[in-house]
Amino acid sequence: MSKYNSFLENKVMPIASKMAGQRHLLALRDGIILTMPLIIIGSLFLILGFIPIPGYNEFMASIFGDAWMTKLLYPVGATYDIMALIATFGIAYRLAEQYKVDPLSAGAVAVSAFLIATPYFTMFTPEGTEIAVQVGGVIPVTLMGSKGLFVGILIALFSTEIYRKIIQKNIVIKMPEGVPPSVSKSFVALIPAVIVISSVWLIRIGIENLYHLNFLGKLGFTNTTSLHDIITLLLSEPLGILSGSLIGAIIYTLLVHLLWVCGLHGSSILGGVMTPILLTATDQNRLALQAGEELPNIVTSPFFELVFMGGSGVSIVFVVMMVLFAKSEQSKQLGKIAIAPSIFNINEPVVFGAPVVMNPLLMIPFILTPVVLTVTTYIMMKSGFIPLTNGTLPPWTTPPIISGFLATGSWKGSLMQIINLVIAFAIYLPFFKMWDKQNTAMEKGTENINVTKAI
Amino acid sequence: MNILLCCAAGMSTSLLVTKMEAYAKATGMKAKIWAVGASDVNNHIDNADVLLLGPQVRYMLPNMKKVGAEKGIPVDSINPVHYGMCNGQEVVKFAQNLIGS
């Protein structure tokens, strides 16, 4: 055990702390969080639009008119559909904060840089025709949402890096003394901002010229006219395929839980890498739902809400056992402390109180259960028994069974969670019994000691 | 005495906050105790006399210690068992010791 502990302290901790402390990943994770409240609010309207009751559509149309859905989903267009824009600002802000340069200016410059990389036109198919025409003078909404997320992330990091380097090298316009500080502050941002914006501008001009010279076409990139096209092709699609597979989902689940049994916040550490990927997949489903098309992705952010019930490790079943069956005092007491938070998917009391951390016995079901449930949920969705998650993002503190309904927009989502809970129960039970027995034995041992002392 | 706690989102530490407050109140101690997410620490640290990290984010300890050193306040991570059992008494005492040392 001590060998194992020292392996953890000397090998795992430094890697985890390096990854979690890595500036850009940290900025990415903390910046993208800015979009979450908006998306959750958007979800609220999305849920209202797709309530799974027969005759609901007709009922709503009879009250609010035929365009009720379009009108109801206005907030979705201003939340989900601008996630890349908001994330760009948030990530640049958080990164600038770490470098101790003015975060507001850095955020504004990054948003501007992001829009430079974005062509101001969209494709539109007029009614009664088959051929799409290019319409200019618009900011394309599709690229402001999940489709532009990776470009937004890269530009936020790129632009803030340039921005802070120039400020730190002190290449700024200095105002004479007596000029109010806020005025001189606005000038400080000027030179770095010009350089950031010119760089992205040159990149765009470069790509467009390469396209016109058919250079990109020769490399196999026939339809790439902008940075957005290139990033989608090189980054978003391969990452999506990797994470969207069953193997990808299992690896993610394993890593999260291996970190947790070391006592480290797994999903938080992996968040910087996984959040944009899962968020993109989630939003692709949302877009398909709104367009009335088949949902494309099984593995999304809310997919894991169906799996990680009561927090990581599906520990809620373990806590329920403590409340219902515990014989030892310690188990009973922990059950009392842990049950309420567990319902809202907060399980640190179990992880550290039982403890699961570094506990060779409890580690097994804690890692095994979520992996098994990832597989069952994936298979059930793949085979069509359970509908896919529809892009709604319930807050992560939503209790199990309710979250399954919200995430899939169907009672079958709740059913899947109930099935999963039963499986989890079966896996945990023998381990719970052994653990409770150990605790009881330990308590008896200490009682005996107390008795002898008293005598 | 102002005790700032932090974890990933400030949620599970807030459980502990209520227990710590109860202990502080019972012993007649004047203490402000609150929990925030790790990304929010910079906005709160100026009002704190001590910063305690949840054990699940103790990988942030080196970074947070640097921040604490700049402000001249002690930073440490909470004992996992006290954290898990929401032992407010022990954690308040731990905070007192840190401030005292």
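**Domains, a helix pair and the chain interface**

In chain A, the domain assignment, an automatic or database one, gives domain 1 (24-244) and domain 2 (304-454). The structure is a predicted model, in which local features need pLDDT of at least 70, side-chain atom pairs count only at pLDDT 80 or more, and totals for chains, interfaces and linings use all residues. Residues are numbered from 1 along each chain as its sequence is written, and chains are lettered from A and ligands numbered from 1 in the order in which they are written. The C-alpha centres of domain 1 and domain 2 of chain A lie 39 Å apart, and 7 residues of domain 1 of chain A are in contact with 9 residues of domain 2 of chain A, contact being defined by C-beta atoms, placed from the backbone, that lie within 7 Å.

Within chain A, the axes (lines fitted to C-alpha atoms, for helices over the stretch in contact, with angles from 0 to 180 degrees between N-to-C directions) of helix α14 (residues 227-244) and helix α16 (residues 266-291) come within 10 Å and cross at roughly 90°, so that α14(A) is roughly perpendicular to α16(A), a term covering 65 to 115 degrees. Ser236(A), Leu239(A), Gly240(A), Ser243(A) and Gly244(A) of α14(A) make this contact with Ile277(A), Thr280(A) and Ala281(A) of α16(A).

Between the chains, 19 residues of chain B are in contact with 21 residues of chain A. On the side of chain B that touches chain A, α1 (12-26), α3 (61-71) and α4 (80-84) each supply at least two residues, helices being DSSP runs (H or I, at least four residues) numbered from the N terminus, and the largest share, 4 residues, comes from α4(B).

Key. Contact = placed C-beta atoms within 7 Å. Parallel < 35°, antiparallel > 145°, perpendicular 65-115°, else oblique.
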